[in-house]
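Me: Let's go through this chain together, one question at a time. I'll ask, and each reply will show how its answer is reached.

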Amino acid sequence: MAISTLQKLSSQIHRLPSLSSQILTRSSATLTSPSPSSSSKKVADRIVKLFAIDPEGQKREIVGLAGQTLLRALTNCGLIDPASHRLEDIDACSAECEVNIAQEWLERLPPRTYDEEYVLVRNSRGRILNKHSRLGCQVVLTPQLQGMVVAVPEQKPWDIP
């Protein structure tokens, strides 16, 4: 049934030369040129370079990809231990990925979500919450964050095994 329908359509398309050329042009354009909104960008086009101040005060260049989290970039370069995190899972977050964002970059980030605020307040243990504090697992890298400066604090005494 389906084969006979396809054969009929095929014969009708070949009888109409203008229609068949339009169909072939559209289908070949679709196959050869991806749309601009396609997610198949080259990796080089997605690179976001950041700077991290490590606990010893050294400034290090960090490379991440747009769409990844800041936590992923920091773990890939060894500044945060990946074994101590369930990456990007705020429900399991213990705020071990807390970082401090330089003032000039705070406005470029979306505001903290309720969940992120809750985890940061819970982790502050009665201290005043630092307005520069963000969870690395909740900051998604974008090209607009190229050159951002973050500070990775020392492990808190209750985090050390």
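## Charges, rings and core

Me: Which accessibility class does Glu117 count as?

Reply: The relative accessibility of Glu117 is 32%. Buried means under 20% relative accessible area and exposed means over 50%, with partly exposed in between (1.4 Å probe, protein chains only). At its 32%, therefore, Glu117 counts as partly exposed.

Me: What kind of model is this, and which atoms do its side-chain values use?

Reply: This is a predicted model, where local features need pLDDT of at least 70 and side-chain atom pairs count only at pLDDT 80 or more, while totals for chains, interfaces and linings use all residues.

Me: Which residue meets Glu117 in a salt bridge?

Reply: A salt bridge is a side-chain nitrogen of Lys or Arg within 4 Å of a carboxyl oxygen of Asp or Glu. The structure holds two of them. In the one with Glu117, N and O are 3.5 Å apart, and the partner is Arg112.

Me: How far apart in sequence are the parts that Glu116 and Arg134 tie together?

Reply: Glu116 forms a salt bridge with Arg134, with the closest N and O atoms 2.9 Å apart. Glu116 lies in helix α6 (residues 114-124) and Arg134 in strand β4 (residues 133-135), so this pair ties together parts at a sequence separation of 18 residues. Helices (H or I, at least four residues) and strands (E, at least two) are DSSP runs, numbered from the N terminus.

Me: Are Glu116 and Arg134 buried or exposed?

Reply: Glu116 has a relative accessible area of 1%. Arg134 has a relative accessible area of 5%. Glu116 is therefore buried, and Arg134 is likewise buried.

Me: Over which ring does the charged end of Arg108 sit?

Reply: A charge sits over a ring if NZ of Lys or CZ of Arg is within 6 Å of the ring centre and within 35 degrees of the ring normal. Lys59 lies over the face of Phe51, at 4.8 Å from the ring centre. For Arg108, the charged end is 4.2 Å from the centre of the ring of Trp105.

Me: How much accessible area do Val43, Ile47 and Val63 have together?

Reply: Patches are made of residues with over 30% relative accessible area and no salt bridge, joining like charges within 9 Å and nonpolar side chains (Val, Leu, Ile, Met, Phe, Trp, Tyr) within 5 Å. Val63, in strand β2 (residues 59-65), is partly exposed at 41%. Accessible areas come from the Shrake-Rupley method with a 1.4 Å probe; for residues, only the protein chains shown count as cover. Together, the three residues form a nonpolar surface patch of about 230 Å².

Me: What share of the chain counts as buried?

Reply: The chain has six helices and five strands. Ser133, in strand β4, counts as buried at 1% relative accessibility. Of the 161 residues, the buried share is 30%.

Methods
Residues are numbered from 1 along each chain as its sequence is written. Side-chain values use heavy atoms; hydrogens and water are left out.
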